[in-house]
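These are my notes from a first look through the structure. I went from strand pairing to helix packing, then to single residues.

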Amino acid sequence: MDLKFVYQKMNDSIETEVIPEISSDIVTDIARAEDVLPTVLHILPLEKKPFFPGQVLPIVLDAERWGVALKEIHKSGQGNVGVVFTDGAAVGKVKVKDFRSVGTVCKIHQIEQHDKQFHVVLAGMQRFEITGWVSRKMPFTAKVKYYPELNIRETTEIKAYTTAIVNTIKELLPLNPMYGEELKIFLNYFGTGEPSRLADFGASLTTADARDLQDILETIKLLPRMEKTLVLLQKELEIAQAQTDIRQHIEGEITQHQREMFLREQLKFIQKELGISKDDRESELDTFIERLDGLVVPEHAQLRIDEELDKMAMLERGSPEYTVTRNYLDWLTSVPWGKYTKDSLNLKRAAEILNRDHEGLDEVKERILEFIGVGKMKGEVAGSIMLLVGPPGVGKTSLGRSVANALGREFFRFSLGGMRDEAEIKGHRRTYIGAMPGKFLQALRECKTANPVIMLDEIDKIGASFQGDPASALLEVLDPEQNREFLDHYLDVRVDLSKVLFICTANQLDTIPGPLRDRMEEIRLSGYLAAEKVAIARKHLLPRQLQKVGLKAKGQLRVDTAAIRKITEQYAREAGVRRLEKYLGTISRKAVMKLLKRNKAPVHVTVSNLEEFLGKPVFTGDDRISGVGVVTGFAWTAMGGATLAVEATRSHGFNRGFKLTGQLGDVMKESAEIAYSYVIGNPELLDVDLDFFKDSMIHLHVPAGATPKDGPSAGVTMTSALISLARGKEVKKALAMTGEISLTGQVLPVGGIKEKVIAARRVKIRNLILPEANRGDFEELPGYITKGIKVNFVSHYEQVLKFIF
């Protein structure tokens, strides 16, 4: 409700139902600023935005909830009430804690009752601050402190802000006529000579966020308040100008569109009269027929196309069926039937492309070259689905693009992450409005070939809902025996996808359904070593970042190799290189700023000045926790391998017990229980004092507590932590271990050996304890990973004791 309406409503003489208990003689005159105001006020909530002094505000209150409060205000004989913003809390459910501390004291000017609601008109007088609550339930009452509007001497700054606010309001007037009405009402009661009122009025004009308006209400000092008001008015002016530009642009577009449509209809009529053009239906039919030239359309698909062409020729253009048929034919004729790209099966060229685009990953490259070599021997690359599994940022997506380049095929990528509708895979049925084929036919249409490389990214993050299970729909697509006759629900015609090369990516295998996983050939990408990251940064990441910011590598920015190595060791230790690339991007941007400020090239980044660009290191040399009862283990995550500290301590001696913390999963909790039982059950073998555990509360913790952890590979580590605690001895430094333990002390094999060894190298741990059953996994690792690492293989925990102290 705008101000003009409120003032008119105050003067209207229409008959309304007045509350009998509240007479109208208390709502006749606007309160003067010098009136004595009570120290205790009834408080009413404002849900949407705060209310300023000098404003007139109509509010609607529920009679059942607020009738008692209005009667008590009437009994006080003053007709004053405080209104306070509740920061979005519903008026009917407001509590004391929802009220902001500063509000506006108002004079009640009119109260009317309509049905079960009170319509109350309030006039703002001055600010107040709540100093304490008298009644914390409805009706709310509080002790208040007032901030009266004082006569402030008009300084040069105040005059300047006043002029700026007035000028901004003048600029707003032509953009929205509502501003003009509210300004007239303001000028009738106040003037530009009252800067405090002007600042409040300017803020109330805007559509700013309620919290910003409350901030202005809470700003008591005049100059800061005028400054904040001017900022909000400037934002309002920008929004209003943008709205005007958009409206003018749309009006111009509509006018131009109408003119073009009129001329186009005239042209069609002239061409038809002269017999030199066809109508739209004939042109579209010819277009569909021309698309099929040079394609090898299967007999069943050609039969369906002919039927739809005949149907379209008989339908009227204005009928709904015509549009459905036209769209269906558009998709049918856009499929590249029998059109294949010739594969480039040159192994030397493929190796060059893979080495050019990726550093390291020798095993993965070798596997891809084997795949291409088999295709060369067979004469075609088909029938195999690759699954690239590895942590984020190790190059899975870019590897798929490199494979497409090596084969000379078109490349299409789409993400399955969060996909919940099987229609994304198999298409919508044509009975639905807006129906369209699934992603695979869209890929064929975009690539214009029937044998592209299609990358299915994030296949481990696919979802399911009441709309279907996309993972089950993929079973047909990724089965070489079934995808020869893939049936899309929209086309309802069999399409051959057997020539398509599918490459899937995932961070972990646990969430991929078993039947779907069985159809794919897994290729693991474990992550990069520090030396590989340095080479990747030098050859790929840094040039890319320099190109983004417009710098030249040698002439304007130089980054030492030692500085890049420090980034990989102390800032970006993850398995991939995404964080490393972000840090290089930060260096590039800061280098640009340095060049613009001092105009002196080149900017040289060294080990000594690296912190000027990136701040303090995230990791330092002494990150590992050490002490009695502390042992370092390994963990495998979707981000790659990582080291994991296990801490054991004696909390107290009041009673015996075993406590676990660190957000451990069920499997990890069982490992801890087995470790505890094994240590207590074999004190002589393990050389521990059983009396230590009799009255001890043992607390086992795995930092960091905010990260959920689970898996079967921490049993040996937990056992070692308990023995270290019982003996009161620290384990060897720079030693880490992994392996599951049984109740009889057998050390069982675990997974992720490669990732865990890489994690050990990353944090400079060179002494490892691994299960004997994982010896083969370790020996299969490349020499550059195992070089300099001493591994002790154990099959029983009794052997572990020989190496940890």
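**Entry 1: β3 and β4.** I started with one pair of residues. G82 has V105 in β4 as its bridge partner. The model I am reading is predicted. I then looked up the strands around that pair. β3 covers residues 80-85 and pairs with β4 in the antiparallel sense, over four bridges.

I also checked how covered β4 is. Of its 13 residues, twelve are buried, so I noted the strand as mostly covered.

**Entry 2: β4 and β5.** Next I followed β4 to its other listed partner, β5. β4 is made of residues 102-114, and twelve bridges join it to β5 in an antiparallel arrangement. I wrote down two of the facing pairs. I108 has L122 as its bridge partner in β5. E112 stands opposite H119 in β5.

How many residues lie between β4 and β5 in their hairpin? I found two residues there. One detail of the turn went into the notes: D115 has a positive phi of about 55 degrees. For background, most residues other than glycine have a negative phi.

Entry 3: I stayed with β5, which spans residues 117-135. Strand β2, residues 56-62, runs antiparallel to β5 and is joined to it by seven bridges. In this pairing I looked up I59, and it stands opposite V120 in β5.

β6 came next. It holds residues 140-147, and seven bridges join β5 to it, again with the strands antiparallel. R127 stands opposite Y147 in β6.

**Entry 4: Q55.** Q55 sits in the loop between β1 (40-46) and β2. Is Q55 buried or exposed? Its relative accessibility is 18%, and the cut-off for buried is under 20%, so Q55 counts as buried.

I then listed what Q55 touches, leaving out residues up to four places away in sequence: L122, A123, G124 and S204. L122 was already in my notes as the bridge partner of I108.

**Entry 5: α9 and α10.** I turned to a pair of helices. Two packed helices are described by the angle between their axes and the distance between the axes. I looked up both for α9 (residues 299-314) and α10 (residues 320-332): the axes come within 10 Å and cross at roughly 150 degrees. That angle makes α9 roughly antiparallel to α10, because angles over 145 degrees count that way. The crossing is left-handed.

Which residues meet at this contact? From α9 I noted R304, I305, E308, L309, K311 and M312. From α10 I noted E321, Y322, T325, R326, Y328, L329 and L332. I sorted the residues of this contact by type and got seven nonpolar, one polar and five charged.

**Entry 6: a parallel sheet.** I then looked for strands in parallel pairing. There is an open sheet of five strands with the order β8-β9-β12-β7-β13, and its pairing is parallel. β8 (411-415) and β13 (521-524) are the edge strands, each pairing on one side only. On average, neighbouring strands of this sheet are turned by 20 degrees against each other, direction ignored.

β7 is residues 385-389, β12 is residues 501-506, and five bridges pair them in the parallel sense. L387 stands opposite C504 in β12.

**Entry 7: two residues with positive phi.** D687 has a positive phi, near 60 degrees. The loop that holds D687 lies between α24 (683-686) and α25 (691-694). With a relative accessible area of 54%, D687 is exposed, because the cut-off for exposed is over 50%.

A734 also has a positive phi, near 55 degrees. Where does A734 lie? I found A734 in the loop between α26 (715-727) and β20 (735-737).

Terms used
Residues are numbered from 1 along each chain as its sequence is written. This is a predicted model: local features need pLDDT of at least 70, side-chain atom pairs count only at pLDDT 80 or more; totals for chains, interfaces and linings use all residues. Side-chain values use heavy atoms; hydrogens and water are left out. Two strands pair if DSSP finds at least two bridges between them. Buried means under 20% relative accessible area, exposed over 50%, partly exposed in between (1.4 Å probe, protein chains only). Contact means heavy atoms within 4.5 Å. Axes are lines fitted to C-alpha atoms, for helices over the stretch in contact, and angles run from 0 to 180 degrees between N-to-C directions. Angles under 35 degrees count as roughly parallel, over 145 as roughly antiparallel, 65 to 115 as roughly perpendicular and the rest as oblique. A crossing is left-handed if the near helix is turned anticlockwise from the far one by less than a right angle, and right-handed if clockwise. Ala, Val, Leu, Ile, Met, Phe, Trp, Tyr, Cys and Pro count as nonpolar, Asp, Glu, Lys and Arg as charged, and the others, Gly among them, as polar.
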